[in-house]
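Biologist: I have the sequence and the model open, and I would like to go through them with you. Could we begin with the ligand and then turn to the helices and the sheet?

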Amino acid sequence: MADFETPVLREYPIIPLLRVDSMAHSRTFVAKAEYQTPIGFPGELVENWEQKAVDKLGELVSKSRALQVFLDSCVKCGACTDKCHYYLGTDDPKNMPVARQDLLRSVYRRYYTFAGKVVPWLVGARDMTKDVLDEWYNYFHQCSQCRRCSVYCPFGIDTAEVSMAARDIMDSVGVGQRYTNEIIGKLHKIGNNLGLPEPALANTLEGLEEDVKDETGVDVKFPLDVKGADILLVTPSADFFAEPHIDGLIGYAKVFHAAGASWTMSSYASEAANFSMFIGSHDNLRKVALRIRKAALDLGVKRIVVGECGHAWRVAYSFWNTLAGPFDFLDPRYPIPQHICEYTYDLIQKGALTFDKSANDDKVVTFHDSCNVARASRMGDMPGGQFVIPREVIKAVVNNFVDMAPETTHEATFCCGGGGGLLTDDLIELRVKGAMPRMQALKQVVEENGVTHMAAICAICKAQFTKVVPYYKYEMDMIQSVHGLVSKAIRLTPSDK
Ligand code: SF4
Ligand code: SF4
């Protein structure tokens, strides 16, 4: 365990007393040139970086009306101050969303507003200095871009956009984050975040076929690069190897099998995640999305289904069409793209799947809404489908389901604490403290309702929770994939064999 104190979980959420600069020491590793240059950024802090950073800020504001409105319209009402899990978990006032925005806003004011140019000291305007850059680096890497604060802001100011802009500016002057940028580079080069090459992937999938055959006696396939398949499954690469993610992948395969679907994965686009969103890099975002388009075209599929990954679903649902569309070569009778939960839910509605819910009777399950699914996308053709559909899938396969407190679920869900490019061991203190509000809500249903497991539909949430729940005295295997629960309960009939 690391050298910091895990927050104490209290019965009711308490707005913390301020501890100024309590997280000023939190600084994720800066990317070296080997991680910066392959994805189009300078390898180190460039000459005349102050002016270049200010110019980049001006460019971003001129291109994004939303960013300009966010920087211009805050009235300091304070509604967002206690809404960030990092503030609640660290007590550091710079982790209040409004204060985080002000780190950038103060520079914007200085260079792009009349008052900031003439009377900077009156309007909280600051010069772009090395101290400011360092503060940006530390605190914009304490924002998981979860957008919870924006739900409570009367103007809808989205701190995630401000945080992405800040990281974009820092990358443009040569100060990027190692964790995220290394991963983006691997994806460009190999096709997935893990750097898992095609032979290793094929080997893994063959191993899974054998495992499932041993478990069920059924020949469930995990097809790779099958030309002419109907469905391309694009899933986070964590699904290929880690617990509990891999149980989810097995669940998808069993559902496809039970449905008699013709499906495949792609070794070229073996990754649903797109970390470029975290650094606000449109060029990288587009390049990664185009890999999926190319794979779909090369394989000649009719549909694309996306596995359990929160930010990947946001990118797919909200951005794919403009980044890599039009997807007019896909079958318009199906959602483009479709979430795996939508796919399974449709089959459940049609009575096409058989479950033995008692297979999950050793569990009382709760569900963690992932931020990017909850606040930045939708599922199905009903308002709030992104909340209803995963819950309905869970309820179809477990007998015991309990929701956590409403102020911590649905649109108000708390981030797991590891999103937005922060899922790295050098930020473990932040991750543990940022998970505190979710852990508090979990503790309540554990104690009052006997909850034993928490399911999620996001690879980052699952990885983050399995790492941090032991700090709060829970077992890491209490974290489940939704399709891991499906996998346990689904019954593959003899005709499927
Ligand atoms: S987007 Fe999320 S992490 Fe960032 S300031 Fe808002 S609540 Fe905090
Ligand atoms: S809620 Fe919105 S307007 Fe109010 S302080 Fe926060 S960002 Fe500013």
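Biologist: How do the residues of the shell around ligand 1 divide into nonpolar, polar and charged?

Modeller: This is a predicted model, in which local features need pLDDT of at least 70 and side-chain atom pairs count only at pLDDT 80 or more, while totals for chains, interfaces and linings use all residues. Residues are numbered from 1 along each chain as its sequence is written, chains are lettered from A and ligands numbered from 1 in the order in which they are written, and side-chain values use heavy atoms, with hydrogens and water left out. The residues around ligand 1 (a heavy atom within 4 Å) include Cys84, His85, Arg100, Gln145 and Arg147. With Ala, Val, Leu, Ile, Met, Phe, Trp, Tyr, Cys and Pro counted as nonpolar, Asp, Glu, Lys and Arg as charged, and the others, Gly among them, as polar, the shell comprises 6 nonpolar, 4 polar and 2 charged residues.

Biologist: Which elements give two or more residues to the shell around ligand 1?

Modeller: Helices (H or I, at least four residues) and strands (E, at least two) are DSSP runs, numbered from the N terminus. Those that give two or more residues to the shell are helix H4 (85-90) and helix H5 (97-112).

Biologist: Which residues in H9 does H5 meet?

Modeller: Contact here means heavy atoms within 4.5 Å. From H5, the residues taking part are Pro97, Arg100, Gln101 and Leu104. In H9, they meet Thr159, Val162, Ala166 and Ile169.

Biologist: At what angle do H3 and H5 pack?

Modeller: Axes are lines fitted to C-alpha atoms, for helices over the stretch in contact, and angles run from 0 to 180 degrees between N-to-C directions. Helix H3 (residues 65-73) and H5 have their axes 10 Å apart. H3 is therefore roughly perpendicular to H5, a term for angles of 65 to 115 degrees. The packing angle is about 95 degrees.

Biologist: Which strands stand at the edges of the sheet?

Modeller: The open sheet has 3 strands in the order S5-S6-S7, with parallel pairing, where two strands pair if DSSP finds at least two bridges between them. An edge strand has a single partner strand, so one side of it is left without a neighbour in the sheet, and this applies to strand S5 (365-367) and strand S7 (479-481).

Biologist: How many bridges join S5 to S6?

Modeller: S5 and strand S6 (residues 453-456) run parallel, and Val365 stands opposite His453 in S6. The number of bridges joining S5 to S6 is 3.

How values were computed:
Parallel < 35°, antiparallel > 145°, perpendicular 65-115°, else oblique.
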